[in-house]
Amino acid sequence: MSATDTHAPAPTPTGFELRTPEAWVDFSTADEASENRLGDEARGHALAGGFTADQAGRYAEQVRRSVREARRSGAVHAAGVFQLYEDGPLTATVLVAVATPPANGDILGALTAVGQPARADGTWRRVTTAVIPGIGTVGRVYGIQNVAQDGATMRCAVMHTVVPMPGSADVVVVTGSSPNLAEAEEIFELFGTITETLTFTWDDELPALTARAESTGESSADA
């Protein structure tokens, strides 16, 4: 009888779970149908909330851009919230993507570099680590960035969390983005709370974890 190999590599997960607040909605990144559906819903909610037709139209287009960017960026999953409050709308999205680090690159190592100081235009970036229950320590970079979405540039609060995938050289990147800069600290806390719910699974019925050729997350205009 041969001894059991206690150093056998961990199996690679086939899927994942990520929990978002009740008001959030998951949307398909497969085609344009979800762009139009969610955009139309956002416009209807905006008009019902007292927005002018012009304001509602701009709000709906912002929602469409968020969904379109999720699809084009190669996300394997995306969720968002588009709610209206007395002091204005709340818009935020969270994307899940899989990245294959370059042979000569180390994504997690890069995240331990010195944080970017504030720039003259008000953008900034900080590098840190976080702990996800059941997974361990992960790399994180967050800040206020100029984000390019479908040809338009928008100032957003952005958080990227890079999670090593068991049994694989790939990493999972969870990206949160929101243009609600006045609530940036609360937004960062929300993104952190959502990311902490990430768990890997080995159930094929859940969203698949597959590396895509496209770039992950949302691209910063000043990157």
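Helix α1 (residues 33–48) and helix α2 (residues 53–72) pack with their axes 8 Å apart and at an angle of about 150 degrees. The axes are lines fitted to C-alpha atoms over the stretch in contact, and angles run from 0 to 180 degrees between N-to-C directions. The two helices are therefore roughly antiparallel, a term for angles over 145 degrees.

This is a predicted model, in which local features need pLDDT of at least 70 and side-chain atom pairs count only at pLDDT 80 or more, while totals for chains, interfaces and linings use all residues. Residues are numbered from 1 along each chain as its sequence is written, and side-chain values use heavy atoms, leaving out hydrogens and water.

Let's look at Arg64, which lies in helix α2. Arg64 is buried, with a relative accessible area of 17%; buried means under 20% (1.4 Å probe, protein chains only). Leaving aside residues up to four places away in sequence, Arg64 touches Glu35, Asn36, Gly39 and Asp40, where contact means heavy atoms within 4.5 Å. With Asp40, the side chains make a polar contact at 2.8 Å (a pair of N or O atoms within 3.5 Å, one able to donate a hydrogen and the other to accept it).

Now step back to the whole protein. Its secondary structure comes to four helices and nine strands, counted as DSSP runs (helices H or I, at least four residues; strands E, at least two). Along the sequence they follow the pattern β-β-α-α-β-β-α-β-β-β-β-α-β. Of the 223 residues, 45% are buried.

Conventions
Parallel < 35°, antiparallel > 145°, perpendicular 65-115°, else oblique. Buried < 20%, exposed > 50% of the residue type's maximum accessible area, 1.4 Å probe, protein only.
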